[in-house]
Amino acid sequence: MNIERGAIPRLDRSGAPGRYLRNAWYVAGWADDLGEEPVARIFLEEPVALFRDEAGVAHAIGGRCPHRFAPLGHGKVIDGQLECPYHGLRFDGVGKCVFNPHEKGVVPRVGVPAYPLVELHNLLWIWMGEVSAADPALIPDFGWLADPKWEPVRGATIAEGHYELYSDNILDISHSNFVHPALKADAWTIGKRSFRTDGDTVWTEYDHLDDYLSDGINAILGTAGKKQDFWCGIRWNAPAVLLLDYRAADPGTPREDMTILPSLHAFTPETKDTTHYIWAVARDFALGNQEFNAAMKGALEHAFEHEDMPVIRDAHRLMGGQEFWSLKPIVLTGDSGGVRARRVLERLISAEEELMRAAAE
Amino acid sequence: MNIERGAIPRLDRSGAPGRYLRNAWYVAGWADDLGEEPVARIFLEEPVALFRDEAGVAHAIGGRCPHRFAPLGHGKVIDGQLECPYHGLRFDGVGKCVFNPHEKGVVPRVGVPAYPLVELHNLLWIWMGEVSAADPALIPDFGWLADPKWEPVRGATIAEGHYELYSDNILDISHSNFVHPALKADAWTIGKRSFRTDGDTVWTEYDHLDDYLSDGINAILGTAGKKQDFWCGIRWNAPAVLLLDYRAADPGTPREDMTILPSLHAFTPETKDTTHYIWAVARDFALGNQEFNAAMKGALEHAFEHEDMPVIRDAHRLMGGQEFWSLKPIVLTGDSGGVRARRVLERLISAEEELMRAAAE
Amino acid sequence: MNIERGAIPRLDRSGAPGRYLRNAWYVAGWADDLGEEPVARIFLEEPVALFRDEAGVAHAIGGRCPHRFAPLGHGKVIDGQLECPYHGLRFDGVGKCVFNPHEKGVVPRVGVPAYPLVELHNLLWIWMGEVSAADPALIPDFGWLADPKWEPVRGATIAEGHYELYSDNILDISHSNFVHPALKADAWTIGKRSFRTDGDTVWTEYDHLDDYLSDGINAILGTAGKKQDFWCGIRWNAPAVLLLDYRAADPGTPREDMTILPSLHAFTPETKDTTHYIWAVARDFALGNQEFNAAMKGALEHAFEHEDMPVIRDAHRLMGGQEFWSLKPIVLTGDSGGVRARRVLERLISAEEELMRAAAE
């Protein structure tokens, strides 16, 4: 969690709350960024406190103290329990109030919700829905993030704009040629693209042979001036967790032998208008080269945070809170990945809403 | 009024206006901060201009010029009248338009409201309700603020958060042990507490014998390493004016002979979301010691403005505009003072609303 | 366009949109500020992109890409067409999509609106209404802005406050004596004023003989210590384009022989709460004197941007989103110009709304 321990954001309560998929794994942050200090976050418009107990196990519980509404994530961990920063009530990892420091110390029976939290691939995955449905096997595979053969550079930030605009962005890399001067390559615009939906997983693929890569990738791969075969697969899982599998090699190399630059782009809605953006890009060469890391991180951070984010923020503002399809967007071939992802997500959210309506009857 | 002559705040007009007690004395600011320059303020969502006439008498009148809506509090006092900063209409202390500098100088018959304003104990007290009911005898006693035997340090700021959250905070000093490292003392959490309602006045009392005081108080009283008897009474008057009467002395000293550190905590709503916080803490020793003043003011300002205010701001934001009781807060024993104050205030506001409804029929 | 290429403003969608006259020429900016870089603007709550084609002809088209809603005005001009900064679709000067850089390059049939744009008197004039009604002959005359006999100093900024408050301000210069210390003169308050409506044009006139001018004007005209005859005519055209024709000379000089300082004050609504303020003041002496220019510009910029704008911003905030007449403003004689302008504008907007209702039936 690279974001400073700052103020709780002012939440806009005008208009209806956003629609979110609740039964899904969202990335809550980098596992090794959660240390002894707890962290306050807003996910899906709900306050959450993240902390580690004495055994180092990470927990996510409701982030608003039921006593006087202070942010629990701004408190302290004491004996593995989270102490409220205002009056010192303590909560355990399942959100139960377990200690009252005042007078006779009668412990209130009211606690806060607990959210299933799984630490996997150096990420913290949070489940904001029905607890019994939280199956860790549903977490998409990002094994390379925790594999010592791979060296990642990474970041985490808060991005203005609806989270689906951010997943659309990754599912259509053709924007690179206009948004990212260093990542411009013909492969993105005139190369072959294909799209497929596999259950609830959506793929966009790019295939382009014997052509120059972008300047930025050439700098990483040392391929300047050399034509390469290129393939890129982007895997989307609901609600907005993406793997970008970038491959290149000398012409004729089989895809499984190409050099791979895998990346994670995870978008967790904070509100309707703001998104936690957690990203990483890894390589399996130049391991431990800190200078290489710094250059690679600098370039990618610039691309994601200073090139993607402003244009998406401005598009979001120009949408003025209106629903995406109501604005009748032009759909180009390159949008097929994003459109498929939007359809899957809409189907999953609608099914969830249907179940909730049925349960309420 | 330590706040700079700045812009009028942008007022949020979404949702219903706040509920306020109108027939009550609110602190408008420090009397000696109102000099030759008038001041623009928002109280209870209403613009007010404060100024002194030629005799030095302070007045509060409506803060929006009825001509072109400029802030009268940003104008000038000329011959004891308040001149609008935009086109120069002048208003007297009862809000009557008394001068028109243009052409034939016909003076408009429309003025602005006048608010009863009393200068007492070096504070300006404003009455935002029915003029005929404005009885200065209702102002709670803060005589020590104007008594040369007492030397106060003080401040005034704008605090984010509903004003009742701020009075709750003073009525339950047990938060000190979690919010204010320098003011931590067992007395607040495990000492004896009692609560009483006396008419419309609410008291919280702390009683704790033969124990160490906090580091911060020890620094003021010179009691480091010495056990003390301790008593503290907090008096609340509607809507949110509090006296904190802190006493300590060597064990066995009668309460009336203890050293006293009296303090004022006055909270005047600017809007539903922001509060004027006017505070002072006094002592009856080290009079005129400017070094002592600076250290004491620095420590207290830090505690009130940089420790209390952020946690209350965040709690306010996490409440998201919802009504306090609708969030079903846990109530601990220590909350009894705040709960009593909320009940008295609710009773007073409801009675006022009932009267207004009756009058309207 | 002196405003930096920054973020699209967050548009407030709470409450109803503003009422605007659509069939009218609005100033979009200074012609020579629009160079090779396109510009993104919001006019009347609508996004607009301004750019020049290969022939240097300026165009205004819808500012939100119909593909993914990115701000076209943040794109690039390529071969005289405007390229979207996000995925590279290109649009021509009439808003037609003319190029798709992706795959087979099928060009979408959906474009963006085109707004009639006229370059005249070094200003860009935009028409936000019915295209067929956009008659350049309706543009009010500011020939001096493009006449080499006149040397203007000028500015363009975004001002907080409703645009009618800004035109009111210019139609009643009597505020100078309270808002602008350097422009204070008896002429404004006790001089003779007259008002007339000539079709849809409103005039305020000031006439004052044989008296001292303001310090600021004396500095420009070199008239310190010398009594002057003075005349000033302010011409308003809907919706909020004003000429201020300031004249002075030794007593007895016929009006047509006086020294003239003509100025432009054009107010183009960005939103209900913010206004593009484009201004210029010219002289026909000391031509090419850059030191004179800098001093004159500094003084006027200070007056308009640091004296007028704060008081109007604060008045706007104190109006709290309420309709002007609903607040029952006091009307002084000096307001006659503004009131006439408001009436003409109301009549024009109502007529337009009536036509639109009729067309919809």
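In which sense do strand E17 (residues 259-269) of chain B and E18(B) pair, and over how many bridges? The pairing is antiparallel and runs over 7 bridges, where two strands count as paired if DSSP finds at least two bridges between them. The model is a predicted one, in which local features need pLDDT of at least 70 and side-chain atom pairs count only at pLDDT 80 or more, while totals for chains, interfaces and linings use all residues. Residues are numbered from 1 along each chain as its sequence is written, and chains are lettered from A and ligands numbered from 1 in the order in which they are written. Helices (H or I, at least four residues) and strands (E, at least two) are DSSP runs, numbered from the N terminus.

Back to E18 of chain B. E17(B) and E18(B) make a hairpin, with 4 residues between them, and within this pair Ala266(B) is the bridge partner of Ile278(B). E18(B) also pairs with strand E12 (residues 151-160) of chain B, again in the antiparallel sense, here over 10 bridges. On that side, Ile278(B) stands opposite Ala156(B). A residue is called buried if 20 or more other C-beta atoms lie within 10 Å of its own, exposed if 12 or fewer, and partly exposed in between, with C-beta atoms placed from the backbone. In a regular strand the side chains alternate between the two faces of the sheet. For E18(B), Thr274(B), His276(B), Ile278(B), Ala280(B) and Ala282(B) point one way, and Thr275(B), Tyr277(B), Trp279(B), Val281(B) and Arg283(B) point the other way. Both sets are buried.

E10(A) is joined to strand E11 (residues 123-127) of chain A by 4 bridges, and Leu120(A) has Leu123(A) in E11(A) as its bridge partner.

Next, the helices of chain A. Two packed helices are described by the angle between their axes and the distance between the axes. The axes of helix H1 (residues 163-171) and helix H5 (residues 290-319) of chain A come within 10 Å and cross at roughly 130°. Axes are lines fitted to C-alpha atoms, for helices over the stretch in contact, and angles run from 0 to 180 degrees between N-to-C directions. H1(A) and H5(A) are therefore oblique to each other; angles under 35 degrees count as roughly parallel, over 145 as roughly antiparallel, 65 to 115 as roughly perpendicular and the rest as oblique. The crossing of H1(A) past H5(A) is right-handed, that is, the near helix is turned clockwise from the far one by less than a right angle. From H1(A), Leu165(A), Tyr166(A) and Asn169(A) meet Asp308(A), Ile312(A), Ala315(A) and His316(A) of H5(A), contact being C-beta atoms, placed from the backbone, within 7 Å. By class, this contact has 4 nonpolar, 2 polar and 1 charged residues. Ala, Val, Leu, Ile, Met, Phe, Trp, Tyr, Cys and Pro count as nonpolar, Asp, Glu, Lys and Arg as charged, and the others, Gly among them, as polar.

H5(A) turns up again where chain A touches chain C. The contact takes 25 residues from chain A and 25 residues from chain C. On the chain A side, helix H2 (176-179), helix H3 (186-190) and H5 each give two or more residues, and H5(A) supplies the largest share, 8 residues. That side of chain A divides into 12 nonpolar, 9 polar and 4 charged residues.

A few backbone details remain. The peptide bond from Ala238(A) to Pro239(A) is cis, with omega near 0°, and Pro239(A) sits in the loop between strand E15 (228-237) and strand E16 (241-249) of chain A. In chain C, a cis peptide bond joins Ala238(C) and Pro239(C). Phe69(C), not a glycine, has a positive phi of about 70° and is buried, with 25 other C-beta atoms within 10 Å. Asp79(B), also not a glycine, has phi near 50°, but counts as exposed, with 11 C-beta neighbours inside 10 Å.

How values were computed: Two residues are in contact if their C-beta atoms, placed from the backbone, lie within 7 Å.
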